[in-house]
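Here is a short briefing to read alongside the model. Please keep the 3D view open as you go through the points.

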Amino acid sequence: MTSTPNPNDPNPDAPGPDSAGRGTTGDSNDNEAGAAGFAPIPVTVLTGFLGAGKTTLLNRILTTSHAQRIAVIENEFGPVNIDSELLVQQSAEVVEMTNGCLCCTVRGDLAKNLVDLASRRAAGEVAFDRVVIETTGLADPGPVIQTFFAEPELAETYLLDGVLTVVDAIHAPRQLDEHPVLQKQIGFADRILVSKSDGVRAEAVDALVERLARINPRAPLRRLVAGPLDIGDLLDIRGFNLNETLLADEAAPRFRPAAGPRAFARKNHGDEIGSLLLEHDGEVDLDRVGAFVQDMLDRHGDDLLRYKGVLAVPNQPARLVFQGVQRVAGFDYGTEWAADEQRRSRIVVIGRRLPESELRRGFRGLHACRVNQRTAQ
């Protein structure tokens with residue numbers, strides 16, 4: 001699915017994550033859900049390479065006291081991996097667990113199974129508050145994420161909340177070199193969770209953390225350790241909401257590669273996936289923003305993972321916020337600029353071997369002062 005961004009008409013019904021992803025237009029979706037008398041079901045995608053510890057983390061989430069009934073979808077072939085002592089009753093496709101949660105294995109169309117699960121919930125056959133989808137260790141999570149953007153029926157029922165990626169501290173350095181899919185799993189993440197770090201030298205863990213941050217600086221990184229699990233840091237993170245966190249002063253340094261502001265962040269290790277920050281301490285021309293994003297999608301859509309922008313536009317009191325996954329993008333207006341606030345514009349892009357110089361040149365063409373100067377001439 002390819003969207004046609006039109007920032008001049010931000011619209012919750014327009015194509016893109018703001019309509020299909022439910023969560024990407026921020027508070028407007030919550031208002032729509034409330035007006036309709038229901039709240040969409042939040043969905044978390046749990047990914048990570050083989051043996052990273054996804055199932056261990058999932059079992060910890062299920063056994064942590066959080067008073068939420070979770071429907072777990074195993075989006076892979078093979079046996080269900082949930083701890084056997086949790087199982088109490090099994091029907092044809094859905095496993096009910098002793099803590100009130102559910103588990104089902106999807107071997108076919110994910111969207112069809114999600115729609116069926118929601119229908120059974122509406123009919124009172126099953127009860128759950130949220131969904132966690134665990135992908136296979138060799139899977140690119142992109143198609144799972146895009147399912148929520150491309151299927152209108154899912155958009156009416158589900159809210160894509162975030163992507164959790166588990167990374168094995170022992171084996172990740174080699175896996176990153178040999179398996180590009182792990183880089184994609186990291187690039188899509190809203191949270192990067194490092195497992196098995198206790199058995200690794202501190203300097204090796206630090207080097208891995210630095211490498212992960214270069215691939216995806218937008219995702220907070222946590223180490224999985226024994227003890228109570230902070231569920232609040234993993235669920236209800238609203239990773240696909242349109243908001244202005246990209247402009248926070250403490251956020252921007254995470255997007256600047258150690259090699260300097262003009263270095264694309266994948267260069268130190270030759271990783272295919274990397275991040276790029278485009279920023280301007282000023283306004284950008286509204287008429288050119290949509291063309292810039294559409295051109296980026298047309299030329300590099302297959303190589304884009306996730307991207308987000310918070311922009312200041314002339315004569316507009318509110319921030320223009322956009323977000324996208326691969327070829328699907330959505331725009332909306334956020335909160336208004338304060339009278340004494342610096343109006344500035346930032347875009348962060350995570351993708352595979354993206355042309356840094358081309359994107360920087362295109363972004364410079366958006367600067368409102370440059371456009372006005374050319375117009376005056």
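The accessible surface of the chain comes to about 16,100 Å², with 47% of it belonging to carbon and sulfur atoms (areas by the Shrake-Rupley method with a 1.4 Å probe; for residues, only the protein chains shown count as cover). This is a predicted model, in which local features need pLDDT of at least 70 and side-chain atom pairs count only at pLDDT 80 or more, while totals for chains, interfaces and linings use all residues. Residues are numbered from 1 along each chain as its sequence is written, and side-chain values use heavy atoms, leaving out hydrogens and water.

**Overall picture**
- The chain has twelve helices and 14 strands (DSSP runs numbered from the N terminus: helices are H or I of at least four residues, strands E of at least two).
- Of its 377 residues, 55% count as buried (under 20% relative accessible area; exposed is over 50% and partly exposed in between, with a 1.4 Å probe and protein chains only).

- Strand 12 (residues 318-325) is largely enclosed by the rest of the structure, because eight of its eight residues are buried.
- Strand 11 (residues 304-311) runs antiparallel to strand 12, joined by six bridges (strands pair if DSSP finds at least two bridges between them).
- These two strands form a hairpin with six residues between them, and N315 in the turn has a positive phi of about 60°.
- Strand 12 also runs antiparallel to strand 13, here with seven bridges.
- That hairpin has two residues between its strands, and Q326 in the turn has a positive phi of about 55°.
- In strand 12, V325 is the residue opposite R306, while G324 stands opposite A329 in strand 13.

**Aromatic rings**
- The structure holds four aromatic pairs (Phe, Tyr or Trp rings, using the six-membered ring of Trp, with centres within 6.5 Å; planes under 30 degrees apart are stacked, over 60 edge-to-face, the rest tilted).
- One of them, F148 with Y158, is edge-to-face, at 6.3 Å centre to centre and 80° between the planes.
- F148 lies in helix 5 (residues 142-150) and Y158 in strand 7 (residues 158-168), so this pair ties together parts ten residues apart in sequence.
- The Y307 and F322 rings have centres 6.4 Å apart and planes at 50°, so that pair is tilted.
- Y307 and F322 also belong to one aromatic cluster with F331.

**A charge over a ring**
- The charged end of R306 sits over the ring of F240, 3.9 Å from its centre (NZ of Lys or CZ of Arg within 6 Å of the ring centre and within 35 degrees of the ring normal).
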